[in-house]
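Here is a short note for someone opening this structure for the first time. It covers the nonpolar cores and the salt bridges.

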Amino acid sequence: MSVIAGVLVGILAAPAAIAGTTVTKSGIDSFNALPDYLKIDPPDQYTTFYATQGGKPVKIAQFYFQNRIDVPWDKVSQSVKDAAVATEDPRFYTEGGIDVLGILRGAASTVSGNGTQGGSSITQQYVKNVLVQRCEADNPVDGNATAKVQAAQRKALKECYDNAAGISVPRKIQEIRYATGVSKQYTKQQILLGYLNLVGFGGQVYGVEAAANYYFNTTAAKLDLNQSATLVAILNNPANLRIDLNEKQNPGNNPKNGFQATKDRRDYVLDRMAKNGKITQKQADETKKQPITPHITPTPSGCTTAQQFDAGFFCDYVQDVILNDTTFGKTAADRERFFRQGGINVYTTLNLDLQNTAQQSMDAYIPHSDPNYKLGAAQTSMEVGTGRVVTMVQNKTYTDGATSDPGATAVNYTTPYQYGSSGGFQMGSSFKPFVLAEWLEQGHTLSEGINGSSTWFNDAEFHTKCGSDEPYGSASNRWQIYNDSSWENGYHSVLSGTTESINTIYMGMAKQLNLCEVGKLANKMGVNTSNPKVQWKSVPGSAIGTGNYVSPLQVAQAYAAFANNGISCTPVVINKITRTDTNKSIAVPKTTCTQAIPADVAATVLYALQTVMRGGGTGAAANPYDGIPLAGKTGTAGAKGNAGTENWLATTTSKVAQVTWVGDIDDHFGLRNTTFTDSQTGRVVVGSDAKLYIAKPIIAALNSTYGGDDFPTAPSSMVYGKYYQAPTTPATPNTQPTQPAQQPTQPAKQPTQPAQQPTQPAQQPTQPTLPTVPPSAGP
């Protein structure tokens with residue numbers, strides 16, 4: 001403190017002879033060695049998320065690490081400006097950046113043993129708060145890091161705090177230097193406003209606007225004299241003088257004793273205002289008679305606020321995108337700083353009208369928890385060609401942390417692991433379209449017959465290594481695959497095997513393919529392991545969707561690719577971001593689209609998948625039959641095999657794809673062993689069919705919003721074979737066209753399957769009509 005006093009005397013008051021003393025000269029040299037300009041970064045503010053409802057943006061969530069809202073000069077009450085100046089720095093408008101007398105008085109008090117006494121000007125306090133703000137921005141503590149890493153981060157943060165606000169000579173000299181520089185760069189009005197917008201008022205409340213909102217449910221512009229004096233009083237010791245704590249939290253200052261400590265300080269503020277001519281003594285005395293009456297109004301923060309819109313999990317996904325995508329910063333620290341500083345409006349892709357329909361449909365059948373097992377359900381929708389995610393719901397209440405409530409979770413079942421901590425689920429038969437796509441790419445057709453009589457297989461029959469015909473394993477390792485019904489065994493066309501989802505048909509197809517290539521095709525379309533640390537498994541069972549755990553969002557991307565001529569587009573959840581202060585736009589992530597499979601292959605897969613959603617197809621119960629062409633695939637999987645621990649329905653139109661999943665999160669309980677009852681209609685359905693009845697209203701709402709066009713025409717060469725020739729004369733109604741004997745892909749010993757053979761109308765020789773599947777087909 002002697003050095004500081006010497007520096008001040010030497011620089012600001014004393015003649016040159018005094019400045020030449022050793023102590024003073026040393027202090028001056030240190031002072032002049034510091035930079036004279038402090039760059040003032042924008043303080044942390046709100047980050048706000050919006051979704052669309054009725055075509056208009058609706059705020060669904062806001063975030064703050066410091067509850068702060070910057071306001072301009074004319075939006076701050078004159079009484080709070082006067083109270084701050086009169087109490088904290090009466091010479092503010094006439095001094096430079098520092099209060100020389102105040103510092104000398106504080107130094108004298110400290111060295112005389114009367115305790116540390118503040119002597120900082122408002123400019124100095126502003127500088128200190130700016131430096132503290134910078135510490136918090138530059139030294140974030142990662143709650144997901146290891147204990148050792150967090151300890152190191154906290155140590156770095158504490159060291160920064162000590163340098164910014166600690167009690168030391170070098171720190172005080174730095175503060176004075178910066179305050180002097182700031183006073184040259186900014187006007188008094190700018191400095192006072194910056195101080196009032198930045199300073200802490202206790203807890204997470206920063207800035208006079210947020211303090212007015214929180215403590216009095218008003219704005220900074222409408223603060224009266226009592227409220228203004230109370231807020232300035234809190235600044236003296238925010239931790240103790242805040243007026244939102246009860247008797248247990250703060251025994252000495254609480255509602256029971258009328259916030260006595262804060263009231264004493266408030267009365268001091270009023271006297272200072274009177275002494276400095278800001279108010280009359282009569283005004284001060286009358287205001288002292290008024291009690292401190294807070295109206296605590298918390299400002300919600302985080303994705304829990306989005307729960308009222310059924311959007312908690314979607315909100316969490318958007319937050320994770322911002323914290324993970326390099327568009328918002330090269331490093332994790334950069335992205336954290338971008339999100340923390342806020343002051344941005346994030347306009348998302350979520351459609352709240354469709355979201356509400358999706359949540360209601362799910363809630364009608366699926367409870368938030370079940371006492372017998374860990375019941376889970378999720379649904380998401382994605383636009384074809386744009387990757388825009390428009391719905392994302394699940395059967396849980398979103399929470400931002402661990403909870404013992406079985407009806408709440410922080411885990412997002414819809415997204416990959418890095419965006420919600422879900423390990424994913426086995427796809428079952430909803431994976432079969434990728435096998436079919438590879439089948440078609442290798443020159444096979446939908447009309448080829450497969451012998452599905454045997455349910456026993458061995459490892460030597462399959463090839464799973466990329467670039468190798470080496471068998472997967474030994475022929476002695478035999479295992480069994482089941483179909484839903486025994487009648488499904490026997491010869492079937494690939495089309496019939498798809499429509500009816502016959503496992504042995506697809507295992508027969510898999511024996512003629514390399515399952516490594518099937519896996520690579522699925523990966524290109526967007527389907528991969530939910531957890532990136534887990535390697536994709538190309539095993540025999542992967543042909544019917546076992547062994548790999550994927551997320552519904554990945555599946556939606558892939559099914560949308562089938563409807564997009566084989567072009568896969570990555571998901572996006574942000575339409576635009578603007579700055580709150582300037583309304584200028586900020587760059588956002590764009591979808592990345594790649595040609596994953598040939599367009600003709602995609603068209604043929606869609607041709608087959610349309611049969612799943614009509615007639616006796618396994619997904620027909622989900623079809624709203626509204627005239628919009630619909631393709632899709634059902635799937636069941638899990639440790640309990642045919643008991644259906646995990647159940648899927650993935651569908652797409654030409655405009656939007658949707659995926660619905662219902663299952664046991666722990667993969668132990670089969671949904672075919674239970675039933676669900678529609679809470680609105682009383683309809684009782686087998687658990688494994690719930691996905692169909694959940695999805696139907698959602699698909700109808702999507703179709704009503706987006707419409708849909710006919711899918712591209714599937715080439716007859718992929719449906720029937722390259723030697724197929726359409727009939728040249730009108731076919732007799734309901735008469736099946738003859739399958740040409742010379743078709744090389746149809747074994748001569750293959751019996752004709754007229755019931756499953758698509759009928760070819762004369763008026764459309766190149767596009768077979770969707771076949772009618774026998775009504776006895778199982779679900």
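1. A definition comes first: a residue is buried under 20% relative accessible area, exposed over 50%, and partly exposed in between. By that scale Asp 666, with a relative accessible area of 34%, is partly exposed. Keep in mind that this is a predicted model.

2. The largest nonpolar core has 106 residues. Within this core, Phe 49, Phe 434 and Leu 436 touch the most other members. Leaving aside residues up to four places away in sequence, Leu 436 touches Leu 446, Val 494, Thr 498, Tyr 506, Met 509, Val 605 and Ala 608. Another core, of 56 residues, lies apart from the largest one. Its members include Val 130, Leu 225, Val 232 and Ala 274.

3. Now the charged pairs. The count comes to 15 salt bridges. One of them joins Lys 374 to Asp 666, with the closest N and O atoms 3.6 Å apart. Lys 374 sits in the loop between helix 17 (352-365) and strand 4 (375-383), and Asp 666 in the loop between strand 20 (656-664) and strand 21 (675-677), so the pair ties together parts that are 292 residues apart in sequence. Lys 374 counts as exposed, at 51% relative accessibility.

4. Glu 383 and Arg 388 also meet through their side chains in a salt bridge (2.5 Å, N to O). Glu 383 is buried, at 11% relative accessible area. Arg 388 is partly exposed, at 22%.

5. Salt bridges with shared partners join Lys 263, Arg 266 and Asp 267 into one network. Arg 266 and Asp 267 pair at 2.9 Å, N to O. Both Arg 266 and Asp 267 are buried.

Technical notes
Residues numbered from 1 in each chain as written. Predicted model: local features only at pLDDT ≥ 70, side-chain atom pairs only at ≥ 80, totals over all residues. Heavy atoms only, no water. Core = buried A, V, L, I, M, F, W, Y, C linked by side-chain atoms within 4.5 Å. Buried < 20%, exposed > 50% of the residue type's maximum accessible area, 1.4 Å probe, protein only. Contact = heavy atoms within 4.5 Å. Salt bridge = Lys/Arg side-chain N within 4 Å of Asp/Glu carboxyl O. Helix = DSSP H or I, 4+ residues; strand = E, 2+ residues; numbered from the N terminus.
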